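We will go stop by stop.

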Amino acid sequence: MANVIVVGAQWGDEGKGKITDLLSRSADVVVRYQGGVNAGHTVVVNGQTFKLHLIPSGILYPDTECIIAGGTVIDPKVLIQELDQVESLNVSTSKLKISQTAHVTMPYHRLFDQASEEQRGNRKIGTTGRGIGPTYADKSERTGIRMIDLMNPEGLRSQLEWTISCKNVVLEKLYNLPPLNPEAVIEEYLGYAERLRPHVVDSSLRLYEAIRRRENILFEGAQGTLLDLDHGTYPYVTSSNPIAGGACVGAGVGPTVIDRVIGVAKAYTTRVGEGPFPTEMVDGVGEILCDRGAEFGTTTGRKRRCGWFDAVIGRYAVRVNGLDCLAITKLDILDELDEIQVCVAYDIDGERCENLPSDPRQFAQCKPIYETLPGWKKSTENCRDLEDLPKAALDYLKFLAEIMEAPIAIVSLGASRDQTIIIEDPIHGPKRGLLDSNGQPV
């Protein structure tokens with residue numbers, strides 16, 4: 001048995017969906033533990049593309065139970081659309097379970113999110129506008145609607161009549177927006193409740209039972225380490241905790257049941273939305289990475305900002321997540337470059353800094369200090385073993401492993417399942433390094 005957490009080691013969009021899908025073949029249960037429809041995981045199987053926002057990537061394996069845990073926030077309308085899409089592609093959703101304690105995104109949450117972001121002007125955060133932050137805010141204020149409330153028609157009606165009357169005051173007075181019709185919202189969400197009712201369970205109990213049966217459990221995070229509410233580049237962060245510690249809180253399990261944590265990082269760095277980005281390239285190389293890597297958000301379609309690999313934030317991700325190993329994705333996107341740069345430290349007012357500063361003003365002033373490595377100028381998309389890689393590509397991976405002080409377990413060279421080099425299976429393999437502290441294959 002192995003219980004594994006998969007986390008993003010950058011600002012999200014690292015390719016967690018593909019890595020989760022790969023590891024799901026060895027998992028009995030896959031758990032999504034935080035975030036909402038602001039996340040997007042793209043998985044390509046046999047030439048067919050699945051774009052998932054709430055449903056765990058493990059849904060593509062018929063014998064794998066998938067759980068949307070209590071730490072998530074659920075937009076039932078979007079979830080039902082996603083269920084319909086997956087089922088239309090002949091994928092069963094019968095083993096999907098939804099936590100009864102997960103909070104529900106309501107229409108006023110989306111309206112608040114979009115209006116608030118517009119009011120910020122040049123101080124905007126860059127949210128997806130999907131209502132995630134306001135849903136988590138209501139959760140913290142203890143005024144939220146949970147899935148268990150959605151299953152109780154009389155209780156839901158009473159709760160929403162009061163809540164919507166309060167929210168309408170804010171919509172009208174603060175944002176100058178028309179009020180919501182309480183009856184229309186109630187009827188709409190009661191309809192969603194009936195569709196989702198067969199899937200709603202006590203997910204923490206189900207996980208406890210799976211742990212007692214010694215099943216393999218894969219915990220799937222959304223977003224990335226640098227977007228964590230408490231440990232990310234605040235205030236340009238999400239409203240939940242994508243880091244590994246958030247898996248225990250979001251899923252309702254104890255930390256002693258976790259066996260290992262795998263971090264997913266691109267072979268370069270991207271960021272979507274606002275906020276400082278020290279290694280961002282606004283020149284031709286950035287455009288090459290964007291075009292070759294198809295760097296457009298799964299959820300919003302927004303163009304991602306592209307930059308060189310940042311080992312400072314990488315080391316930070318290793319530290320705050322306790323990463324056992326790494327999955328490096330999109331190595332093939334670098335195939336055509338003559339040389340590749342890696343940010344190994346920052347320059348802040350003339351002083352070298354090798355650790356991520358907590359002060360956002362300092363972080364905004366960081367200038368990258370680079371080491372330059374040769375490119376390999378050869379396609380890697382058909383490589384299936386380490387020895388198939390060009391020497392310069394293997395040297396690049398060794399350099400990343402050494403500077404981040406974390407072994408590399410998986411290398412992804414394309415969107416399809418088979419475009420992958422699995423050096424160690426983080427679920428069934430021994431807990432050891434793929435590349436040792438000297439960057440050598442073991």
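Select Asp13 to start: at 23% relative accessibility, Asp13 counts as partly exposed (buried is under 20% relative accessible area, exposed over 50%, partly exposed in between, with a 1.4 Å probe and protein chains only). This is a predicted model, where local features need pLDDT of at least 70, side-chain atom pairs count only at pLDDT 80 or more, and totals for chains, interfaces and linings use all residues. Residues are numbered from 1 along each chain as its sequence is written, and side-chain values use heavy atoms, with hydrogens and water left out.

Asp13 sits in the loop between strand E1 (3-8) and helix H1 (16-24). Helices (H or I, at least four residues) and strands (E, at least two) are DSSP runs, numbered from the N terminus. Show the contacts of Asp13 next (heavy atoms within 4.5 Å). Leaving aside neighbours within four places in sequence, they are Lys266, Thr270, Val272 and Arg304.

Gly40 counts as partly exposed, at 21% relative accessibility. Why pair these two? UniProt, in an unreviewed entry, lists Asp13 and Gly40 under "binding site"; such annotations may be inferred rather than shown by experiment. They are spread over 28 residues of sequence, yet cluster in space, with a largest C-alpha distance of 7.9 Å.

Last stop: Leu331. Beyond four places in sequence, Leu331 touches residues including Ala267, Trp376, Leu389 and Tyr396. Leu331 is also one of the residues that touch the most other members in the largest nonpolar core, which has 64 residues (buried Ala, Val, Leu, Ile, Met, Phe, Trp, Tyr and Cys residues joined through side-chain atoms within 4.5 Å). Colour helix H13 (residues 391-404): this helix gives the most to that core, with 10 residues.
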